[in-house]
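I opened this notebook to record what I looked up in the structure. The entries follow in the order of the look-ups.

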Amino acid sequence: MIVYALNCACGHSFNEWFDNMADYDAKRQAGIPCPSCGGTQVAKAIMAPRVAKAQAAAPAPACAPGGCGGSGMCPMMAQMG
């Protein structure tokens, strides 16, 4: 499924779902009615692609309450090495 932003000849904007680009082409030739005015002269509007946001990295482990002294290497330093 794909959603297209459409504009009618009167300047109304609306979104419509289609199975694929061929489905859009077939329905456009048959006439896609504008929900505001019913006009069937519609065209795809310029659209920006939707890009998923990156997932946040896992939080770094916290140091022991008394610090890292005597326990070997600091957990933060172990991640960097």
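**Entry 1: aromatic cluster.** I looked up the aromatic rings and found that Y4, F18 and Y24 form one cluster. I worked on a predicted model, in which local features need pLDDT of at least 70 and side-chain atom pairs count only at pLDDT 80 or more, while totals for chains, interfaces and linings use all residues. I numbered residues from 1 along each chain as its sequence is written, and side-chain values use heavy atoms, with hydrogens and water left out.

**Entry 2: ring pairs.** I noted three aromatic pairs in the structure. Rings of Phe, Tyr and Trp (its six-membered ring) pair if their centres lie within 6.5 Å; planes under 30 degrees apart count as stacked, over 60 as edge-to-face and the rest as tilted. Y4 and F18 make a tilted pair, at 5.8 Å centre to centre and 40° between the planes. Y4 belongs to strand β1 and F18 to strand β2, so this pair ties together parts that are 14 residues apart in sequence. I took helices (H or I, at least four residues) and strands (E, at least two) as DSSP runs, numbered from the N terminus.

Y4 and Y24 make an edge-to-face pair, at 5.2 Å centre to centre and 70° between the planes. This pair links strand β1, which holds Y4, to helix α1, which holds Y24, 20 residues apart.

**Entry 3: burial.** I checked relative accessible area (buried under 20%, exposed over 50%, partly exposed in between; 1.4 Å probe, protein chains only). Y4 counts as buried at 9%, F18 at 1% and Y24 at 3%.

**Entry 4: charge over a ring.** I found the charged end of K44 over the ring of Y4, 4.5 Å from its centre. The criterion is NZ of Lys or CZ of Arg within 6 Å of the ring centre and within 35 degrees of the ring normal.

**Entry 5: core.** Which residues make up the largest nonpolar core? I listed nine: Y4, L6, C8, F14, F18, Y24, I32, C34 and V42. Such a core is a set of buried Ala, Val, Leu, Ile, Met, Phe, Trp, Tyr and Cys residues joined through side-chain atoms within 4.5 Å. β1 (2–8) and β2 (13–18) each supply at least two of its residues, and β1 gives the most, with three.

**Entry 6: sheet.** I read an open sheet of three strands in the order β2-β1-β3, with antiparallel pairing; two strands pair if DSSP finds at least two bridges between them. The edge strands are β2 and β3 (42–44). β1 and β2 pair over six bridges, and A5 has N15 in β2 as its bridge partner.
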